[in-house]
Amino acid sequence: MLLHSSSAACLSSLGDHRSYSNHSASATLFLNFNRRSFPLPALKLRMSSAPARSSQIRALTISSERKDDLPMHVVTGTKVGVLGGGQLGKMLCQAASCMSIKVLTLDPLENCPASGISYCHVVGDFNDGEAVRDFAKRCDVVTVEIEHVDAVMLEKLEQQGIDCQPKASTIRIIQDKYLQKVHFSRHGIPLPDFFEIDNIESAEKAGSLYGYPLMIKCKRLAYDGRGNAVAHSKDELSSALTALGGFGRGLYVERWTPFVKELSVIVARGRDGCISCYPVVETIHKNNICHIVEAPADVSQKIKELSLDVAQKAVGSLEGAGVFAVELFLTGDGQVLLNEVAPRPHNSGHHTIESCYTSQYEQHLRAVLGLPLGDSSMKTPAAIMYNILGEDEGEPGLKLAHDLIGRALKVPGASIHWYDKSDMRKLRKMGHITITGSSMNIVKSRLNSMLNNDQSQTAVIPQVAIIMGSDSDLPIMKDAAVVLKNFDVPFEVTIVSAHRTPDRMYSFASAAKDRGIQVIIAGAGGAAHLPGMVASLTSLPVIGIPIRTASLDGVDSLLSIVQMPKGIPVATVAIGNAANAALLAVRILANGDAKLWDRVVKYQEDMKETVLTKAEKIEHEGWEEYLKS
Ligand SMILES: Nc1ncnc2c1ncn2[C@@H]1O[C@H](COP(=O)(O)OP(=O)(O)O)[C@@H](O)[C@H]1O
Ligand SMILES: [Mg+2]
């Protein structure tokens, strides 16, 4: 057992090791030891020199020592080597710590984000073949958190039996964006037109072929928009080429894609070839850098299916296990084109930590270790991920970021991730905030209030809409409002008539979901078209309340509501029983809201209690006395 490895293992088992520095001198010693990163030769240090003094730490150290001598489970016994120790590496280590998976990281920076929590951080350049080779030999499986690694060395190592996931060939193809495009176009994946340029004549030819603006990209070492330049006219060509470092960098051009949205799909593939896709998300960029991710994307089911199809085909053409991020363009005419693929966890999948049953990080580890893939579906209806990009250099930038974090700490459903990078730089990814909630409208409003520091923007968003065809229905419909008020469920009450205001009904029903409404209660008398028509215009659950009318006593309304054609369901309640409609709405909402669920259960218990108390009284006093009281 290597000294530094066990120390890191001890501390990761103990949670956030930083807190131990206050508790005991020996723990502080350990902390410093763990924080220190090791150049490769230091890996030869032995366990015997471990400075474990505190009894808690010693106990863990001993168990850690013993583990190495025993046959261990694949999870804790397999060392996963990650090339790169940035924020993605850090979040991989965080996911690994839940299952005590040992993640080793290789990064040139001693204090890179992952260094503090990886099982063993090795200081070395992932682009240096020798460093990669020495590191890989200490791991059971090697993976990446960045594609700009020495892939040629990885291919050699694979031939010598090193297990690399995804395969080195995949990393080699992807790290060269031009080669990537050639690869995907050969596999029939739809993408923007592109071609290689190696002199000004070929660049001008590209301009006349594709028109302007023209996207010029570096083939290699491109990330966060660094490596792209746009020429808006022929005159701008040479400055754009110079900005990228000239033809020596290796350049190619892409036809400008006037996309309406950028989408992304994280696809996981296990070692057995089993595939699991995360929901399609929308990515919103600022200066070519991913800034906001909305999950799920607000696109039609058809576009979602098309996106999943393109993403799966793209990943299907690559070899190896792991998660892959597929960046896509959605065009105005409904085409989905591939932008690029990353063979690793991705910024567009950060939200999965809080919003999905299995995060992309855990999924990546499961995939490379050959464990069954986890459930990639969302456990919250909506999530927004906001990248904390450096707004200024140094201290002023840090101050702005920390002010934002201070505001985020007060936002319900917000989780803060700070990468602890040593330098604050403009537009650098310093951290991110994920906000989850019961609708996209709610999370968007929370994001806005956080960004604008405006509490008024956190105005309560109605979850239930109570609508009726006429104000004459209000004396009945008010009972629904009273119930919702008692349960503290935010609601709105308005008049929408299917017959007198059909346009208003149309716009109300079509926009309800986006506004955050989750259940609609519609009262209707006579022909009772309102609940049915609204149900045909929205996918939200609709509960119709038959309203008693003078002529047919409400039976006409009841029959009209229950006689909806197959495919357009409308729930209903007894004639005039608006309270039950609201209780049903509360039960629907309570399925995704533990607090509300408790209140629903309590309501039922109270109801039972009331009946039992009455029964006891009637039995005790006799019915005649009871009637008198
Ligand atoms: N062909 C294109 N047409 C229009 N915009 C593009 C095109 N290619 C890239 N972009 C824009 O630039 C961003 C960054 O480009 P990308 O090639 O993905 O670089 P990076 O590797 O830095 O993410 C994209 O997310 C998109 O907003
Ligand atoms: Mg990109």
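Student: How many helices and strands are there in the protein chain?
Tutor: This is a predicted model: local features need pLDDT of at least 70, side-chain atom pairs count only at pLDDT 80 or more, and totals for chains, interfaces and linings use all residues. Residues are numbered from 1 along each chain as its sequence is written, with chains lettered from A and ligands numbered from 1 in the order in which they are written. Helices (H or I, at least four residues) and strands (E, at least two) are DSSP runs, numbered from the N terminus. The count is 23 helices and 23 strands.

Student: Which residues of α15 are buried?
Tutor: Helix α15 covers residues 394–408. A residue is buried with 20 or more other C-beta atoms within 10 Å of its own, exposed with 12 or fewer, and partly exposed in between; C-beta atoms are placed from the backbone. The buried residues of α15 are G397, L404 and A408.

Student: Where does ligand 1 lie, in terms of domains?
Tutor: Domain bounds come from an automatic or database domain assignment. Both domain 2 (193–255) and domain 3 (260–452) give residues to the shell around ligand 1. Ligand 1 therefore lies between domain 2 and domain 3.

Student: Which elements give two or more residues to the shell around ligand 1?
Tutor: A shell residue has its C-beta atom, placed from the backbone, within 6 Å of the ligand. M215, E254, T257, H285 and N288 come nearest of the 18. The elements are β7 (214–218) and β15 (336–342).

Notes
Expected span 1.5 Å × (residues − 1).
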